[in-house]
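Dear colleague,

Please find below the structure for your review. My notes on it follow directly after.

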Amino acid sequence: MLYLLLLSNILCAVLLGYIAFAMVRSIASGAPFIPTLRRHLEPIVRMADLRPDDIVIELGSGDGRFCIAAAKAGVRRAVGYDISRPLVWWARQTATREGVADRAQFERGNIMRTDCSGATLIYLYLMPRITNALAEGPLRSLRPGARVLTAAFPIDTAANPQFRLVRSELFGSVRAFLYVRV
Ligand SMILES: C[S@@+](CC[C@H](N)C(=O)[O-])C[C@H]1O[C@@H](n2cnc3c(N)ncnc32)[C@H](O)[C@@H]1O
């Protein structure tokens with residue numbers, strides 16, 4: 001009995017340690033896991049003005065809620081990338097459970113090395129520094145007309161004039177910004 005208790009405590013400690021490690025790594029690599037609030041998800045998805053032929057990429061997809069909502073809204077494909085292995089695993093489980101695993105996929109990887117060139121809509125909810133690093137890096141390969149939706153932090157369009165702000169909306173205390181690649 002005592003052994004079982006000891007074993008379960010060790011397992012809990014290992015699990016908590018792993019989760020803490022994953023959190024620290026996501027903070028160190030650009031942004032901690034703070035999901036888009038459920039109550040903001042529907043209006044943010046509406047703001048994205050999703051179309052059936054959209055290829056959606058979410059940079060830093062967390063638990064996958066945006067991609068899953070986009071897949072349910074009928075986009076052709078939604079792919080989320082995240083540095084955190086447990087979050088990618090969790091997002092895949094949720095997509096399967098919700099019946100959209102064929103259209104909402106999740107990959108582990110560093111978003112600074114993501115190929116975004118095929119996307120027609122990008123969603124990101126990150127910190128200012130990595131948002132602008134993406135605008136200066138991977139997002140440059142987007143085709144003209146592609147949209148970029150950012151939650152909380154805008155793109156510095158003075159430094160990145162290839163993105164034109166189309167609209168911004170306030171959801172509670174979070175502002176979202178919709179850009180088009182010109
Ligand atoms: C603020 S959360 C947003 C999660 C999700 N997009 C949402 O709106 O619910 C930021 C996410 O980005 C991930 N992330 C941060 N830096 C990253 C990097 N360099 N590469 C991949 N993912 C990263 C974190 O692990 C975290 O899940």
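**Helix H2**

The buried residues of helix H2 (residues 38-48) are Ile 44, Val 45, Met 47 and Ala 48. They cover an arc of only 155° around the axis, so they sit on the same side of H2; the arc is that of the directions from the helix axis to the C-beta atoms. Here a residue counts as buried if 20 or more other C-beta atoms lie within 10 Å of its own, as exposed if 12 or fewer do, and as partly exposed in between, with C-beta atoms placed from the backbone. Helices (H or I, at least four residues) and strands (E, at least two) are DSSP runs, numbered from the N terminus.

Please note that this is a predicted model, in which local features need pLDDT of at least 70 and side-chain atom pairs count only at pLDDT 80 or more, while totals for chains, interfaces and linings use all residues. Residues are numbered from 1 along each chain as its sequence is written.

On the other side of H2, Arg 39, Glu 42 and Arg 46 are exposed. The buried residues of H2 pack against H3, strand E4 (121-124), strand E5 (147-151), strand E6 (163-171) and strand E7 (174-181); two residues are in contact if their C-beta atoms, placed from the backbone, lie within 7 Å. Just after H2, Asp 49 takes a positive phi of about 50°.

Strand E1 (residues 55-59) runs parallel to E2 and is joined to it by five bridges; two strands pair if DSSP finds at least two bridges between them. Val 79 in E2 is the bridge partner of Ile 57. From E1 the chain crosses through H3 to E2, and this β-α-β crossover is right-handed; that is, with the strands pointing away from the viewer, the path from the first strand over the helix to the second runs clockwise.

E2 is also joined by five bridges to strand E3 (residues 104-108), and these two run parallel. Ala 78 stands opposite Ala 104 in E3. The chain crosses from E2 through helix H4 (residues 85-97) to E3 in another β-α-β crossover that is right-handed. Strand E2 (residues 77-82) is largely enclosed by the rest of the structure, because five of its six residues are buried.

**Helix H4**

In H4, the buried residues are Leu 87, Val 88, Ala 91 and Ala 95. Their arc around the axis is only 100°, which puts them on the same side of H4. These buried residues pack against H3, E2 and E3. The face turned away from the buried side of H4 carries the exposed residues Arg 85, Trp 89, Thr 96 and Arg 97. Just after H4, Gly 99 takes a positive phi of about 75°.

**The nonpolar core**

The largest nonpolar core has 49 residues, of which Val 56, Cys 67, Ala 70, Leu 121 and Ile 122 touch the most other members. Helix H3 (residues 65-72) gives the most to this core, with six residues. Such a core is a set of buried Ala, Val, Leu, Ile, Met, Phe, Trp, Tyr and Cys residues joined through C-beta atoms within 7 Å. Not counting residues up to four places away in sequence, Ala 70 touches Val 45, Leu 50, Val 56, Val 75 and Ala 78.

**An exposed loop residue**

Gly 172 lies in the loop between E6 and E7. With 9 other C-beta atoms within 10 Å, Gly 172 is exposed.

Yours sincerely
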